Amino acid sequence: MSSDPVIVLDFETSGHSPAFGDRPIEVGAVRIEQDMIVDRFQSLMNPGFTISWFIESLTGISNDLVAAAPDCEEVMTRFAEWIGETPLVAHNAGFDRKFLDAELARIGRERNNPMACTVLASHRLFPEAQNHKLATMVAHLGIYTDGTFHRALADAEMTGHLWIAMTDLLHTRYGFTDVPFSLMQTITGMGRARVDRFLRSQTQSPSAPLPQVDLSCRY
DNA sequence: TGCCAGGCCCTCTTTAGGGCCTT
């Protein structure tokens, strides 16, 4: 089985919205090639202001830790070089996309990478799951965890294994020998009710072109 | 200091509303 290289990323942030002044405090990411994690990126970063007690408690990242970290601009410059134009994946990608784009804009860059969302894909490929939170999907699929959540690299690694589990499902259940990034985008771009029938039809006609799906509002 | 978002899904829908998911 073959699949496109992807980078799975996760931000820990000071809150929900860069539009209200929130910024990342940590980024973690893994590069996946041929269903294996082959490289990792992790760094704390200093947002330039005091983070709340709630975020300190949620993440375990203290104000002392971020105060000693390089500033966001320095970290994001290195991160932008590291990701290049590789397709990106995140759990609830709309959230990470907001912060990625906002921080890239601060350093005069623009994202050209396509993005895919493991929450949306999980809804379509694992509809039987109790819910589609990362921790639930990790337990549902038996993904290895040392119990660390809400740290960027740990969450990125678990999301990476979720991505691998989804490509594996497309191979074992539907018979795909090639799982391009565009296939996962197509799946998340169509309604849940259509996905199973679509995938089975693709297996029966593997050379058929992917249907046109409007992705204009999806990353 | 405390506050804040928003895109997507589902359905008791589409002239809407509530829940999910991320920090």
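Trainee: In this predicted model, is Trp 163 buried or exposed?
Mentor: The cut-off for buried is under 20% relative accessible area. Trp 163 has a relative accessible area of 4%, so Trp 163 is buried.

Trainee: Which ring does Trp 163 pair with, and is the pair stacked, edge-to-face or tilted?
Mentor: The partner is Phe 181, with the ring centres 6.0 Å apart. Planes under 30 degrees apart count as stacked and over 60 as edge-to-face. The planes of Trp 163 and Phe 181 are at 35°, so the pair is tilted.

Trainee: Which residues have the most contacts inside the largest nonpolar core?
Mentor: This core has 33 residues. Those with the most contacts inside it are Trp 163, Leu 170 and Leu 199.

Trainee: Which element gives the most residues to this core?
Mentor: Elements that give two or more residues include strands E2 (6-13) and E3 (24-33), as well as helices H6 (134-141) and H9 (192-204). The most, seven residues, come from H7.

Trainee: Which residues does Leu 199 touch, leaving out those up to four places away in sequence?
Mentor: Contact here needs heavy atoms within 4.5 Å. With that, Leu 199 touches Leu 125, Leu 170, Tyr 174, Phe 176, Leu 183 and Ile 187.

Trainee: How many residues does the second, separate core have?
Mentor: Among its members are Cys 72, Val 75, Phe 99 and Cys 117. The size of this second core is 22 residues.

Trainee: Why is helix H5 largely enclosed by the rest of the structure?
Mentor: H5 covers residues 118-125. Its buried residues are Thr 118, Val 119, Ala 121, Ser 122, Arg 124 and Leu 125.

Trainee: How many aromatic pairs does a search of the whole structure find?
Mentor: The search covers the whole structure, and the number of aromatic pairs found is six.

Trainee: What kind of pair do Phe 11 and Phe 79 make?
Mentor: Both residues are buried. Their ring centres are 6.4 Å apart and the planes are at 70°, so the pair is edge-to-face.

Trainee: How many residues apart in sequence are the parts that this pair ties together?
Mentor: Phe 11 lies in strand E2, and Phe 79 in helix H3 (residues 72-83). The pair therefore ties together parts whose separation in sequence is 68 residues.

Trainee: Which residues form one aromatic cluster with Phe 11 and Phe 79?
Mentor: The cluster contains Phe 11 and Phe 79 along with two further names, Phe 41 and Trp 82.

Key
Residues are numbered from 1 along each chain as its sequence is written. Chains are lettered from A and ligands numbered from 1 in the order in which they are written. This is a predicted model: local features need pLDDT of at least 70, side-chain atom pairs count only at pLDDT 80 or more; totals for chains, interfaces and linings use all residues. Side-chain values use heavy atoms; hydrogens and water are left out. Buried means under 20% relative accessible area, exposed over 50%, partly exposed in between (1.4 Å probe, protein chains only). Helices (H or I, at least four residues) and strands (E, at least two) are DSSP runs, numbered from the N terminus. A nonpolar core is a set of buried Ala, Val, Leu, Ile, Met, Phe, Trp, Tyr and Cys residues joined through side-chain atoms within 4.5 Å. Rings of Phe, Tyr and Trp (its six-membered ring) pair if their centres lie within 6.5 Å; planes under 30 degrees apart count as stacked, over 60 as edge-to-face and the rest as tilted.
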